[in-house]
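Me: I have just opened this entry and would like to go through it with you, one question at a time. Let's have the picture up first.

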Amino acid sequence: MVQFYDILEELHLSSTECVLATIIHVEGSAYMGVGTSMLIKQDGTYIGILSGGCLEEDVILRSRRVFESKRSETLVYMGTDLEWGVESGCHGTLYILLEFVEEKLKRKLLDVRNQLSQGNVMIQQRRLNKNWELVASDLFKEEHFRKSIHESIRDHYIYTQRITPKPRLVIFGAGVDVQPVVSLAAQAGFSVTVCDWRPALCNEESIPGVDQYFIGFPNDVGQRLFFKKEDYVIIMTHNLQRDREVLALVMNKPLCYIGILGSKKRAELLFDTEIPNRIHVPIGLNISAKGPYEIAVSIVAELIHVRNGQRPI
């Protein structure tokens, strides 16, 4: 999904002709799963990957036919078959749909980008015939989606993709250790918000790559920042009083994740009783991290672990 956000941004900014390559079916093992997309530009450059380097060059080569014909095409790569001139190290079979991004498709994809920015979940559905040729493509808001009746037709295949907005990571604190967390989290597909009471620290020059900055003490920020249950919150103020204020702000909200930087002993000072089970402290996966960058790696690794539906470690 992270790659798909980058693809949507490229389509928004660029007017060059492109081909969208999407994994629509996998049999056996594969490096990347169903729904993974790569955008191929007319000059042969691309955004995203479909494998660990096994297929990209060949997919780009074969996309030339789609650029010329302006018609979609489905490629089938079998990991143990050298018919295509490549061999997949995963030994799975991948079905990759190549679509020329004509004006109608581009408008649909840009509408997806717009809907995601408003917090809406989108459903994209493609119907293919028994020869894996594209027959129809539809786009819905999730609340308007109805399961396609064509799924019961034996000589057709239905590929349905659920496209979700970026999860939001809200960081309280703007010290020097926040910047690597912001950078890694953004690369991992999070939309990042930073909140701090110090204007000299909470700005684009000090911490680039942030989607939103909120300047003010936690109580002030709470009047302007509206939390959603999909949000992730980490507390990195290095100030016990500010930490308490942030906790008062977020503890009773149904957030996806709340984590506090620092030791468990320090965190115990923030609570009258035991640390609640929903609080992650010390924050991050235990990789014996030392220094801001390694700590950032451990923090973002834990966020990814939670986002991907795994139980926190």
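Me: Which residue in β12 stands opposite F172?

Reply: A word on the ground rules: this is a predicted model, where local features need pLDDT of at least 70, side-chain atom pairs count only at pLDDT 80 or more, and totals for chains, interfaces and linings use all residues. Residues are numbered from 1 along each chain as its sequence is written, and side-chain values use heavy atoms, leaving out hydrogens and water. Strands β9 and β12 pair in the parallel sense over four bridges, where pairing takes at least two DSSP bridges between two strands. In β12, the residue opposite F172 is I235.

Me: And what is the bridge partner of F172 in β10?

Reply: Strand β10 covers residues 191-196 and runs parallel to β9, joined to it by five bridges. Strands here are DSSP E runs of at least two residues, and helices are H or I runs of at least four, numbered from the N terminus. In β10, F172 has as its bridge partner C195.

Me: Which helix does the chain pass through from β9 to β10?

Reply: This β-α-β crossover is right-handed; that is, with the strands pointing away from the viewer, the path from the first strand over the helix to the second runs clockwise. The helix in the crossover spans residues 178-187 and is α4.

Me: How many residues of β9 are buried?

Reply: Buried means under 20% relative accessible area, exposed means over 50%, and partly exposed lies in between, with a 1.4 Å probe and protein chains only. Both faces of β9 are covered, with R168, V170 and F172 buried on one side and L169 and I171 on the other. The strand is largely enclosed by the rest of the structure, because its buried residues number five of five.

Me: Which strands stand at the edges of the six-stranded sheet?

Reply: This open sheet has parallel pairing and the order β11-β10-β9-β12-β13-β14. Each edge strand has a single partner, so one side of each is left without a neighbour in the sheet; the two are β11 (212-215) and β14 (279-280).

Me: At about what angle does α8 run to β12?

Reply: Helix α8, residues 291-307, lies across β9, β12, β13 and β14, with contact meaning heavy atoms within 4.5 Å. Axes are lines fitted to C-alpha atoms, for helices over the stretch in contact, and angles run from 0 to 180 degrees between N-to-C directions. Helix α8 runs to β12 at about 155°.

Me: What is the omega of the cis peptide bond between V281 and P282?

Reply: P282 sits in the loop between β14 and α8. The cis bond joining V281 to P282 has an omega of about -5°.

Me: Is W132 buried or exposed?

Reply: W132 lies in the loop between β6 and β7 and has a positive phi of about 60°, although it is not a glycine. Its relative accessibility is 14%, so W132 counts as buried.
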